Amino acid sequence: MKIIIIGAGQVGATLAENLASEDNDITVIDTNLTRLRELQDRLDIQTVEGSGSHPDVLDQAGCNDADMLIAVSNQDETNMIACQVAHTLFKTPTKIGRVRSSAYAKYPELFADQAIPMDVRISPEKEVTKHLSRLIRYPGALQVMEFADGKVQLVVVKAEKGGPLIDQPISFLKEHMPSIQTRIAAIYRDGKSISPDGNTHIRANDEVFFLTAQRDVLDVMSELRPLDVPYRRIIIAGGGNIGERLAQSLEKEYRVKIIERDPERCRYLSETLDNTIVLNGDASKQELLLEENIESTDVFCALTNNDEANIMSSMLAKVLGVRTVMTIINNPAYVDIVQEGMIDIAISPQQTTISSLLSYIRRGDVVNVHSMRKGAAEALEAVAHGDYRSSKVVGRSIANLNLPDGATIGAIVREDNMIVATGDLVIQAEDHVIIFVTNKKQIPAVEQLFQVGLTFF
C-alpha cells in the first residue's frame, strides 16, 4: 500500500518502522528536518519537510494516488485539516487521524464526511488507558488483549512455581479443567518462540500466551501461577489525559489517588473526577509517598510525559513497598532495560497505538490486531467470508489449511460462542478466526488466506 504518515514523532516514527518492514510505500511528512533525516537514515522511506495540512505539501508527498493517510502529529488541528484536505482535493480512500483532546471526542458528528471526513479516529491516550485497566483487573498478567468485542481474551503471563501446570504437559490442562475452553497459543522460553502441542511441558519463567473466554481468565491463570490478591488501592503519578482517563475508568471500583504537580490541573481534576483523591505534589518525593501510605498501595502507575521522571518515581515507589509498578515509557530503548529491574510492567504507547491502527492496514477482513513482543509477533482476528470455491478457508478443516510456519489458529468465535481450534474443526462463513503469528514476515500469507476470490462477487 502507498501510505502517507503525518508526524515523525514517537508514534509516527514507530508506525513508519513497522509498515516499512512490510514492503509498503511509506512517505513521512514533518516540519522537523532533523527527525526526518534520522528516519531516512534508518528506513527505506520517503520524507517531505513541511506542514501536513498544507495542500502543496500533501501533493509533493504523492497524496493524489495514496491508498491511506495517517495523521498522527501532536496537533489535533493539523491532523483534522490534513484529513479534510486529503478528502476534498485528493480523494484519498482512507483517512486515519489522531485526536487527543476529549473536547473534540465529545462531538462525533464533527467527523462525518460532510464535516471533517476522518474515517478512523485514534487516541493513544484512550488505547493506553484500556491497556492499563485490563492489567489492573487481572493482577499478574503481563498483557491482556480482547477479541470479538471482549468475548475472548488473549492473556500473557509468566509461569511460576506453585501453578498446577508447571512441569506438566499442556494436555493436563484439559484433564484438570474439562469444562473450560482454553488454548495455549504460544510459549516464549528464554526469549525464543516454542510452538506448543499437547506434549509440551510448561516450565517456570515461560512466557505463556493463552486464549479463553473472559469469564475464565482467572481460572486459567491459576493453573500457570499462584493467583495474586485483587488490587484495591491505586496511586497514579501524573494527572494528564491518560491519568484522568484511567482514574475515571477505575474510581467506581478502586480507591484511587492522583498526584499532579500543576495546581491548575489539580483543580480541574478535582472538579471532574467523582471519587478520586487529587493531591498536588511531586510523585518522586519520598515524604509524599510515605504520607500516602505507599507501602500499603497495590499499584503505582507512573503516567507523566517524562520517561526519566516515570522511571525514578516508579523505582522509589517499589523500594518503599508498593506491590506492583506500571510505567509508561516512550523511548523504546528504555523498555527492556527497566522491565528487567524494579519496574513490573513497562508500557509503550507507540506499540499500543500501532495495534489499533494495524486492523485498518491489514488486507482481508481483519477486524482486530494486537502487536506483541515489540512488533515481532501479532495476534489477528479475521472474519471468514465466501464459500468453498471462493475462499481458501471456508468449508475446510484447520488441519487442511495452508497456514505458513509460525502461524497458529487458536480459536474461532461463532455466533458469540468461542470454540477452541482443533485439527478437525471446519471453518464456516462469518466465523471470527483468531490467529497467532510469531513471525511477522508471514503476515502477508495469512492475509491472503482470508481474501475472497473473484468468484464470490
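Angles under 35 degrees count as roughly parallel, over 145 as roughly antiparallel, 65 to 115 as roughly perpendicular, and the rest as oblique. This is a predicted model, where local features need pLDDT of at least 70 and side-chain atom pairs count only at pLDDT 80 or more, while totals for chains, interfaces and linings use all residues. Residues are numbered from 1 along each chain as its sequence is written, and side-chain values use heavy atoms, leaving out hydrogens and water.

- Helix α6 (residues 124-137) packs against helix α9 (residues 241-250) at an angle of about 45°, and their axes are 9 Å apart; axes here are lines fitted to C-alpha atoms over the stretch in contact, with angles running from 0 to 180 degrees between N-to-C directions.
- Helices are DSSP runs of H or I with at least four residues, strands are runs of E with at least two, and both are numbered from the N terminus.
- The pair α6 and α9 is therefore oblique.
- On the α6 side, the contact (heavy atoms within 4.5 Å) includes V128, L132 and I136, and on the α9 side it includes I242, L246 and L250.

**Domains**

- The domain assignment, which is automatic or from a database, gives domain 1 (2-122), domain 2 (140-224), domain 3 (233-351) and domain 4 (362-450).
- Domain 1 and domain 4 have C-alpha centres 30 Å apart.

**What the UniProt record lists**

- In an unreviewed entry, UniProt lists "domain: RCK N-terminal" at residues 1-116 and 231-347; such annotations may be inferred rather than shown by experiment.
- Residues 1-116 are 40% helix and 21% strand.
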